[in-house]
Amino acid sequence: MRTYLIQRLVALIPVLLVVATVVFLLVRLTPGDPAAVILGDQASAEAVRELRTRLGLDDPLIVQYGRWLANAVRGDMGRSLFFDQPVTSILLERVEPTVLLALYGLLLGTVLGVPCGVLAALNHGRFLDRVLMTVSLAGISTPSFVIGLLLAYVVSAQLNLLPAGGYVPIRRGLLGNLQSLILPSLSLGLVQLALIARMTRTAVLEVMTADHVRVAYAKGLPFRLVLLRHILRNSLVPIVTIIGLSLAVLMGGTVVIETLFDLPGVGRLAVGSILRRDYPVIQGVILYVTCAIALVNLAVDLVYSWLDPRIRY
Amino acid sequence: MAGPPDSVLTASRLALALRSARGSRRLRAFLRNRAMLAGLAIVTAYLLVAAFAPWLAPASPLESFPGVRLSPPSAKHLFGTDDFGRDVFSRVIYGSRISVGVGLSVSLITTVVGGFLGLLAGYYPAFDRVVMRILDGLMAFPGILLAIAISGVLKPSIETVIIALSVVYTPYAVRVLRAPVLANRHAVYVEAARCLGSGDWRILLYHILPNSVPPLLVQSTFIFSFAILAEATLSFLGLGVPPPTPTWGGMLNDGKVVMVQAPWLIWGPGIALVLVTLALNLVGDGLRDLLDPRSFTLQAQGLPPSGRR
């Protein structure tokens with residue numbers, strides 16, 4: 001286990017190196033002078049020169065690259081051009097809504113998606129299965145922001161039940177926080193629900209016909225116990241896989257949903273920074289979010305061995 | 001004159017009968033898959049609408065009709081008008097052009113470039129090590145975040161959107177071709193071809209590629225649908241093809257602001273987007289079942305490639 005963990009962490013290094021390089025190149029590949037692009041058309045030549053010096057753009061590319069890597073490793077992403085604050089502290093301020101949104105969305109998708117998938121598998125080929133699978137395919141094909149627009153229109157504008165935007169931090173009350181995040185998490189979670197339901201159905205279908213399940217039935221175990229102890233337990237690994245994999249989708253989804261519901265999270269920061277050409281913030285957001293996802297994925301892999309003792313590293 | 005001996009005739013007849021039986025079984029499986037047929041019908045309609053937009057649209061997508069700002073659907077304006085007094089129905093029809101343009105280009109580029117890289121990576125281990133490291137890195141990004149970053153840095157245009165999405169989705173095409181190439185590399189038929197004196201290129205193109213390509217074809221259908229969704233997302237965020245060009249995502253963004261007074265602004269583009277994506281997913285699922293009924297990939301479950309590491 002320990003060696004496996006070390007192996008995996010070492011394997012992460014080249015991935016993160018590529019990620020950091022891509023993020024670095026992203027800005028350097030801008031057609032024209034990044035400083036001029038950032039400042040816009042009206043900027044004086046002097047202002048552009050000053051910004052170039054500030055961003056270190058006058059150094060050779062390789063020196064810039066080395067400095068970028070060294071700073072990135074130490075968690076120093078530079079200062080925002082717009083907020084005039086360190087990028088890291090801006091990011092930390094915006095983490096809460098994003099993490100909670102992703103968490104609620106994932107929770108919703110898992111809590112509802114797994115039973116839906118099990119139900120579909122148990123009714124394999126019958127009416128309920130077809131209905132569930134058709135609905136889930138429609139769910140996968142609907143972008144989260146269309147679901148969000150629909151929810152905002154029906155629930156907020158027509159029924160006036162929940163706010164269509166704005167965020168209440170968790171320290172100002174869990175209830176208000178939940179209320180402000182219900183519609184956004186639903187918009188995100190419905191897609192997750194559909195994904196998880198389909199994956200669960202497949203996993204359960206596969207296990208249902210396995211020999212050990214037939215043995216369990218044969219020895220007279222009631223259906224409830226066969227389902228819980230023999231079918232569900234063995235379907236867990238693929239379900240956890242999909243939950244881990246869907247994390248990147250979830251993080252991508254928060255970008256759109258935060259913009260739609262006006263939540264002050266990391267995703268809206270990314271979109272806003274791109275519109276403001278605040279390059280250090282863009283770089284910081286992408287680098288941190290990608291690293292976070294890579295680490296969570298590693299954690300998911302470790303959960304496997306706990307769920308399924310047959311997997312030994 | 002005597003014909004060929006009876007036994008040869010029987011054998012060739014048998015082969016012919018077998019082949020046609022296999023062909024018709026495929027055809028029957030194809031026709032039985034009603035979901036896929038429905039999807040195919042919608043996709044065809046979508047491509048036709050995009051191709052013949054100028055003939056189908058009742059008005060120009062950019063023309064403002066004075067005095068009918070935000071008017072509800074009527075006989076003259078089927079989907080109503082937007083806040084510039086433009087005909088929403090015509091804009092939805094023209095919006096399909098950007099959607100098809102991006103979807104088709106991205107799936108073509110990723111299939112060709114990804115296929116080429118996948119072929120080489122599966123065959124040459126040294127190349128594989130370098131390329132896969134880079135692709136693993138690219139796949140670590142949440143797709144939409146990388147796409148908005150690329151399109152934010154470049155000048156906003158349809159080409160930028162295509163480039164950004166191609167970068168995001170190419171690794172998934174490489175992966176899908178690389179695995180079967182890797183498996184086929186030491187297959188008996190490849191060894192046989194090599195013994196007969198075939199060079200690497202001949203083996204790759206005439207022997208390995210045809211035996212490895214079906215999953216890639218399925219994947220390009222899914223990439224088509226992901227690209228359409230991603231294009232709509234970028235336009236919705238204001239980072240796609242810039243206005244006034246009509247795009248479904250952009251129209252949804254315009255509609256968001258006046259949703260309470262004029263909900264019809266979001267119905268047209270919203271329904272079009274969902275319908276087309278659903279249809280492409282149905283076609284992809286059906287295609288996978290036809291080409292290899294046993295295969296089971298995560299894509300089949302509708303997981304967008306952006307979700308895979």
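This is a predicted model: local features need pLDDT of at least 70, side-chain atom pairs count only at pLDDT 80 or more; totals for chains, interfaces and linings use all residues.

Reader: What percentage of chain B counts as buried?

Author: Of its 309 residues, 48% count as buried. As for sequence separation, take the contacts in chain B between residues at least 6 apart in sequence: 71% of them join residues at least 24 apart.

Reader: How many buried residues are there in helix 8 of chain B?

Author: The count is 0 among its 8 residues, 188–195, and helix 8 of chain B is hardly covered. Just after that helix, B:G197 takes a positive phi of about 95°.

Reader: While we're on backbone details, is the peptide bond from B:P243 to B:P244 cis or trans?

Author: That bond is cis, with omega near 10°. B:P244 is found in the loop between helix 10 and helix 11 of chain B.

Reader: Switching to chain A. At what angle do the axes of helix 1 and helix 4 of chain A cross?

Author: They cross at roughly 130°, and the axes of helix 1 (residues 2–28) and helix 4 (residues 61–73) of chain A come within 11 Å. That angle makes helix 1 of chain A oblique to helix 4 of chain A.

Reader: Is the crossing of helix 1 and helix 4 of chain A left-handed or right-handed?

Author: Helix 1 of chain A passes helix 4 of chain A in a right-handed crossing.

Reader: Which residues make the contact between helix 1 and helix 4 of chain A?

Author: From helix 1 of chain A, they are A:A20, A:F24 and A:R28. Helix 4 of chain A brings A:L61, A:Y65, A:W68, A:L69 and A:A72. By class, the contact of these two helices has 7 nonpolar residues, no polar ones and 1 charged.

Reader: What about helix 5 and helix 8 of chain A, at what angle do they pack?

Author: Helix 5 of chain A and helix 8 (residues 174–208) of chain A pack at an angle of about 35°, with their axes 5 Å apart. Their crossing is right-handed. The contact of helix 5 with helix 8 of chain A has 22 nonpolar, 9 polar and 2 charged residues.

Reader: Now a couple of single residues. Why does A:G284 count as buried?

Author: A:G284 counts as buried because 27 C-beta neighbours lie inside 10 Å, and the cut-off for buried is 20 or more. The place of A:G284 is in helix 12 of chain A.

Reader: And which residues does A:G284 touch?

Author: Leaving out residues up to four places away in sequence, A:G284 touches A:M77, A:V87, A:T88 and A:L91. The C-alpha atoms of A:G284 and A:A20 are separated by 9.9 Å, though the two are 264 residues apart along the chain.

Reader: Where is A:V296?

Author: A:V296 also has its place in helix 12 (residues 279–307) of chain A. With 14 C-beta neighbours inside 10 Å, A:V296 counts as partly exposed.

Reader: Last one, I promise. Is phi of A:D84 positive or negative?

Author: Phi of A:D84 is positive, near 55°, in a residue other than glycine. A:D84 lies in the loop between helix 4 and helix 5 (87–122) of chain A, and A:D84 counts as exposed because there are 7 C-beta neighbours inside 10 Å. Phi of A:D262 is near 55° too; A:D262 lies in the loop between helix 10 (223–261) and helix 11 (266–276) of chain A. A:D262 is partly exposed, with 14 other C-beta atoms within 10 Å.

How values were computed
Residues are numbered from 1 along each chain as its sequence is written. Chains are lettered from A and ligands numbered from 1 in the order in which they are written. Axes are lines fitted to C-alpha atoms, for helices over the stretch in contact, and angles run from 0 to 180 degrees between N-to-C directions. Helices (H or I, at least four residues) and strands (E, at least two) are DSSP runs, numbered from the N terminus. Angles under 35 degrees count as roughly parallel, over 145 as roughly antiparallel, 65 to 115 as roughly perpendicular and the rest as oblique. A crossing is left-handed if the near helix is turned anticlockwise from the far one by less than a right angle, and right-handed if clockwise. Two residues are in contact if their C-beta atoms, placed from the backbone, lie within 7 Å. Ala, Val, Leu, Ile, Met, Phe, Trp, Tyr, Cys and Pro count as nonpolar, Asp, Glu, Lys and Arg as charged, and the others, Gly among them, as polar. A residue is buried if 20 or more other C-beta atoms lie within 10 Å of its own, exposed if 12 or fewer, and partly exposed in between; C-beta atoms are placed from the backbone.
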